[in-house]
Amino acid sequence: MAAEADNKKVLRAWLKKEDVYHSDLEKLFLEKGITDPLENFKTMSEKEWDTLRNEAIVIRAKDLKDQKAKTRWEQKLKKVEKIWRKQSGIKSTSIKKKSAAASKNAASGNTADNEQSKKYEAAASLKDYMRKNQIFDKDLFEILVKNEVTNEEEIGTKITTKKQLSEIIREVRVLRTADIKETTARQRLDKTLTKFEKLVVAKNEKLKKTSLKSGDDEKQLKDWDQDKEKEAADKEGKDIKEWLQKENIW
């Protein structure tokens, strides 16, 4: 109950911050498991968004008696949609007329994206499991799907070796290195990956006999830490140099 109350509090604060708060929208988000929109929107497909938007329209339809009220509600939904598109990277479909050739090219170019979206949709139960166990990370989710892991059971049946598990974790770190600028963010990622590792090991008897963070893997983590520390030191040195030059004492 405490966790649910905290999730509701965080969601409400975000809705108010974005000036889109409404009790019905808050309730709908919670029913859909959306407690952290900026994170949850990253893996929401267009089909999931369309469903959410349609339900939001239906919920308020009986209460919207005049055009002004309808316009205000539509503006809130458009604002939320804009944030979802930014987080998910899914662009709005153009309503402009296209030539037959242009349409064909566009369809061909989007085939791979559509196939990937279908894979993510098929892995909806995996996403729910990751959120439930507080190990959801967009990059981790996508890498698991790439490894044909689409549900909880397959975490134990398709991640069968220490090398494979290590490679998945390494790939997540590589993808996130460019985004992680603060120690606290790195610690959150470490915590998520450590918890993920434990869940995988718990589901596989062979992996229980070995420890992932040993030998080369431990060295890899240390190298990663050293790289981040060097990056921070270089930045600090650069800031000092710029200040000295500004004060004409360099």
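# Notebook: an all-helix chain

I read along the sequence and found the pattern α-α-α-α-α-α-α-α-α-α-α-α-α-α. The tally is 14 helices and zero strands. Both are DSSP runs numbered from the N terminus: helices are H or I with at least four residues, strands are E with at least two.

I noted the source next. This is a predicted model, where local features need pLDDT of at least 70, side-chain atom pairs count only at pLDDT 80 or more, and totals for chains, interfaces and linings use all residues. Residues are numbered from 1 along each chain as its sequence is written, and side-chain values use heavy atoms, with hydrogens and water left out.

**Whole chain.** I looked up burial. Of the 250 residues in the chain, 31% are buried. Buried means under 20% relative accessible area, exposed means over 50%, and partly exposed lies in between (1.4 Å probe, protein chains only). The chain exposes about 16,800 Å², and carbon and sulfur atoms supply 50% of that area. Such areas come from the Shrake-Rupley method with a 1.4 Å probe; for residues, only the protein chains shown count as cover. I then checked contacts (heavy atoms within 4.5 Å). Among those between residues at least 6 apart in sequence, 63% join residues at least 24 apart.

**Cores.** Which residues touch the most other members of the largest nonpolar core? I found Leu126, Met130, Leu140, Leu144, Ile159, Leu165 and Phe196, in a core of 25 residues. Helix H8 (124-132), helix H9 (138-146), helix H11 (162-177) and helix H12 (183-202) each supply at least two of its residues. H12 gives the most, with six. A nonpolar core here is a set of buried Ala, Val, Leu, Ile, Met, Phe, Trp, Tyr and Cys residues joined through side-chain atoms within 4.5 Å. In soluble globular proteins, nonpolar side chains tend to be buried together.

I followed Leu140. Leaving aside neighbours within four places in sequence, Leu140 is in contact with Met130, Ile135, Ile168, Val172, Leu193 and Phe196. I also found a second, separate core of 20 residues, which includes Leu25, Phe29, Met44 and Trp73.

**Helix pairs.** I took H11 and H12 to begin with. Their axes come within 11 Å and cross at roughly 165°. Axes are lines fitted to C-alpha atoms, for helices over the stretch in contact, and angles run from 0 to 180 degrees between N-to-C directions. H11 and H12 are therefore roughly antiparallel to each other. That term needs an angle over 145 degrees. Their crossing is right-handed, with the near helix turned clockwise from the far one by less than a right angle. Leu165, Ile168, Ile169, Val172, Arg173 and Arg176 of H11 meet Leu189, Asp190, Leu193, Phe196, Glu197, Val200 and Val201 of H12.

Then I looked at helix H4 (residues 46-61) and helix H5 (residues 67-88). Their axes come within 11 Å and cross at roughly 165°. H4 and H5 are therefore roughly antiparallel, and their crossing is right-handed. From H4, the contact uses Glu46, Trp49, Arg53, Ala56, Ile57 and Arg60; from H5, Trp73, Leu77, Val80, Glu81, Trp84 and Arg85.

**Positive phi.** Where is Asp19 found? I placed Asp19 in the loop between helix H1 (2-17) and helix H2 (23-31). Asp19 has a positive phi of about 60°, although it is not a glycine. Asp19 counts as exposed, at 57% relative accessibility. Gln134 lies in the loop between H8 and H9. Phi of Gln134 is near 55°, again positive in a residue other than glycine. Gln134 is exposed too, at 62% relative accessibility.

Key
Angles under 35 degrees count as roughly parallel, over 145 as roughly antiparallel, 65 to 115 as roughly perpendicular and the rest as oblique.
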